[in-house]
Amino acid sequence: MPAYTAANQRPTIREALQSRTFDVIVIGGGITGAGIALDAASRGLSVALLEKNDFASGTSSKSTKLIHGGLRYLKQLEFGLVREVGQERAIVHRLAPHLVLGEKMLIPVVKGGSLGPLSTSLGLWVYDLLAGVKGDDRRVMLNPKRTLEKEPMLSSTDLLGSGYYAEYRTDDSRLTIELIKTAMQHGAVVLNYTAVEGLIYNEQKQVKGVVCQDEMGPDRWTVQGKIVVNAAGPWVDEIRKQDRSLQGKKLFLSKGVHIVVPQAKLPIQQAAYFDVGDGRMVFAIPRQDITYIGTTDTAYHGDPNRIPIEKEDVAYLLAATNRFFPKAQLAIEDVESGWAGVRPLIYEEGKSASEMSRRDEIFTAPSGLISIAGGKLTGYRKMAQRVVNRVAKTLGNKTACQTAKISLAGGPFLNAADVNLYIQQIMHKLQELNQSATEAPYLVHNYGRQADVILQDLRQGEDFPLLQAEVRFTIAHELATHPLDFLNRRSGRLYFRLPATRPAIPLALDIFQEAFSWSPEQRQRFAHEVSEAIDLITTFPSSTPLPAAR
Ligand code: FAD
């Protein structure tokens with residue numbers, strides 16, 4: 001990672017972006033664009049990546065945060081998809097074992113539910129087989145007694161048993177950011193808060209560059225490239241429209257909501273995946289001091305830049321949870337925060353949101369613009385490989401995909417045991433610094449070995465010294481320029497630790513103000529942006545009925 005300082009990094013990067021013709025320009029800094037940037041840069045191609053907001057600010061910070069094969073896609077007979085993403089889990093875990101953690105999952109089977117003991121057993125067996133799961137990680141079926149031992153919060157009424165199987169969990173936005181940083185280590189030039197607002201063509205009507213708008217200032221400028229890749233997630237069709245190539249298959253946006261409750265309100269021992277009753281299933285996943293529950297899956301026609309969590313979404317998730325965990329008696333007042341995102345799926349006639357395929361597809365327009373849509377977080381590496389294979393072929397680059405062997409920034413770690421050893425070291429360091437050792441897993445699972453850099457800058461006597469050191473780290477090393485970049489995408493604090501973080505927000509604002517020499521008005525504007533973001537994830541309006549069809 002180049003040693004940029006907070007004050008100079010944007011102008012330096014912009015100069016680098018304008019100084020040459022890149023082999024490939026990537027539009028979008030979600031997991032898809034980040035994966036493509038790393039794959040292309042590690043094959044020796046020169047890469048520019050432009051993101052209109054912050055990295056991972058689109059769908060890639062709003063998923064269920066699982067690196068999973070997608071058990072439910074078996075029902076849709078998507079064996080190819082389940083096999084590919086199932087196998088990818090182990091690879092992504094190996095590339096970042098501090099960030100992609102093994103997580104055992106419990107599927108309770110109840111009388112009258114959509115899953116029977118036999119179908120669950122068979123489904124999980126096929127799931128493990130397709131993904132090549134071995135040893136202790138293979139599924140086991142548990143009787144009601146053993147199920148309740150694993151999860152005492154479950155209702156014993158109608159309980160027939162459970163399936164117990166292996167998945168992985170991550171932090172989607174940290175995964176995206178570490179990919180971006182690893183791509184930078186391989187020479188990619190990347191910039192957030194830079195929107196692509198136009199495409200540039202040569203005389204043969206081939207796209208050869210983009211027009212950018214600086215989202216932090218008035219400037220418009222251009223970047224030249226031999227190939228432009230559109231990885232804009234839910235906005236993929238907007239770029240295709242600019243290219244006048246929005247024909248044939250189109251995107252369909254499906255909204256998914258997660259809610260967060262304190263662990264004390266839903267003290268489950270481990271992650272569970274359970275029946276909602278309408279043919280869908282939801283996850284409840286314990287993490288730090290909270291449990292999050294999700295997701296919904298409904299057609300979305302609103303603004304993908306501002307997706308509300310509606311009262312009906314919350315009620316749906318609470319009802320399902322209370323049915324399986326009746327001791328919790330969760331109410332809307334227990335919901336501390338949440339998040340809502342949209343899946344950029346490829347539209348299929350006659351199918352509902354939850355029935356539509358999660359497969360990815362690549363479209364090459366007559367202008368040469370390559371667009372990629374659909375897919376999953378888990379499959380990011382394979383999606384990138386397919387896109388970069390096309391790019392490399394056009395450019396005559398014969399290097400094979402390297403990414404199965406590139407440890408992500410924050411590493412390297414040999415395996416999960418190596419990560420645990422490092423957590424112990426960080427615990428000792430925290431104790432030496434008179435800080436709570438319980439922060440060590442959070443620090444290591446978020447920042448990996450960069451936890452050491454953060455602790456070196458911990459200043460005794462400050463209020464919230466750890467949080468302040470984290471803020472400084474993300475400004476200096478991770479292109480954080482807005483307080484929300486830190487509070488949301490780089491630390492997950494708004495989602496997972498909101499009550500504890502609120503009192504420290506003014507201190508975070510102070511650090512940003514000093515680093516970027518904000519005027520009092522600018523500070524006010526950023527403070528307002530934070531309040532608005534908190535409102536969006538803590539207030540749940542009733543859904544507005546769609547206007548009657550005319
Ligand atoms: P995005 O993350 O949205 O990135 C696109 C980026 O492009 C955005 O950051 C946007 O700002 C930028 N952009 C747009 N227009 C422009 C422009 N003009 N100029 C510059 N930049 C631009 N997958 C899993 O594997 N596991 C899960 O557990 C899982 N759970 C999910 C749960 C929900 C509720 C949802 C919605 C999805 C889930 N997924 C999951 C799917 C996964 O999250 C998505 O497939 C993935 O995040 C999509 O990433 P992306 O990079 O394509 O899109």
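## A first walk through the model

Helix H14 is followed by Gly 492, a residue with a positive phi, near 65°. Helices and strands here are DSSP runs (H or I, at least four residues, for helices; E, at least two, for strands), numbered from the N terminus. What you see is a predicted model, so local features need pLDDT of at least 70 and side-chain atom pairs count only at pLDDT 80 or more, while totals for chains, interfaces and linings use all residues. Residues are numbered from 1 along each chain as its sequence is written, and side-chain values use heavy atoms, leaving out hydrogens and water.

**Around helix H14**

H14 spans residues 483-490 and is mostly covered, with eight of its eight residues buried. Buried means under 20% relative accessible area, exposed means over 50%, and partly exposed is in between (1.4 Å probe, protein chains only). Among the buried residues of H14 are Asp 485, Phe 486, Arg 489 and Arg 490.

Leaving aside neighbours within four places in sequence, Arg 174 is in contact with residues including Glu 478, Arg 489 and Arg 490. Arg 174 itself sits in helix H6 (residues 172-185).

His 482 lies in the loop between helix H13 (465-477) and H14. Beyond four places in sequence, its contacts are Tyr 193, Met 216, Phe 512, Phe 526 and Glu 529. His 482 and Ala 527 are 45 residues apart in sequence, and their C-alpha atoms are 9.8 Å apart in space. The side chains of His 482 and Thr 481 are joined by a polar contact of 3.1 Å. A polar contact is a pair of N or O atoms within 3.5 Å; within protein, one must be able to donate a hydrogen and the other to accept it, and residues adjacent in sequence count only if both atoms are side-chain atoms.

**The nonpolar cores**

A nonpolar core is a set of buried Ala, Val, Leu, Ile, Met, Phe, Trp, Tyr and Cys residues joined through side-chain atoms within 4.5 Å. In soluble globular proteins, nonpolar side chains tend to be buried together. The largest such core here has 105 residues, and the members touching the most others are Leu 17, Ile 36, Val 210, Val 223, Leu 266 and Phe 325. Helix H2 (residues 31-42) contributes the most to this core, with seven residues. Apart from this core lies another, of 65 residues, including Leu 81, Met 105, Tyr 127 and Ile 537.

**The ligand and its shell**

How many residues surround the ligand? There are 38, and the closest are Thr 32, Glu 51, Ser 60, Leu 66 and Thr 378; a residue counts as near if one of its heavy atoms lies within 4 Å. By class, the shell has 13 nonpolar, 19 polar and six charged residues. Here Ala, Val, Leu, Ile, Met, Phe, Trp, Tyr, Cys and Pro count as nonpolar, Asp, Glu, Lys and Arg as charged, and the others, Gly among them, as polar. H2, strand E8 (194-201), strand E11 (251-262) and strand E16 (337-346) each supply at least two residues of this shell.

An oxygen atom of the ligand is 3.2 Å from a polar backbone atom of Ile 31. A nitrogen atom of the ligand is 3.5 Å from an N or O atom in the side chain of His 68, and a nitrogen atom of the ligand is 3.5 Å from an N or O atom in the side chain of Lys 376. Taken alone the ligand exposes 1,000 Å², of which the protein buries 96%; such areas come from the Shrake-Rupley method with a 1.4 Å probe, and for residues only the protein chains shown count as cover.

| Residue | Relative accessible area | Class |
|---|---|---|
| Arg 174 | 0% | buried |
| His 482 | 7% | buried |
| Gln 213 | 14% | buried |
| Glu 355 | 41% | partly exposed |
| Lys 65 | 1% | buried |
| Lys 205 | 65% | exposed |

**Backbone details**

Most residues other than glycine have a negative phi, and most peptide bonds are trans. Lys 65 is not a glycine, yet has a positive phi of about 65°. Phi of Lys 205, also a residue other than glycine, is positive and near 65°. Lys 205 is in the loop between E8 and strand E9.

A cis peptide bond joins Gly 294 and Thr 295, with omega about 20°. The bond from Gly 411 to Pro 412 is cis too, with omega near 0°. Pro 412 is found in the loop between helix H9 (380-395) and helix H10 (416-432).

Notes. Contact = heavy atoms within 4.5 Å.
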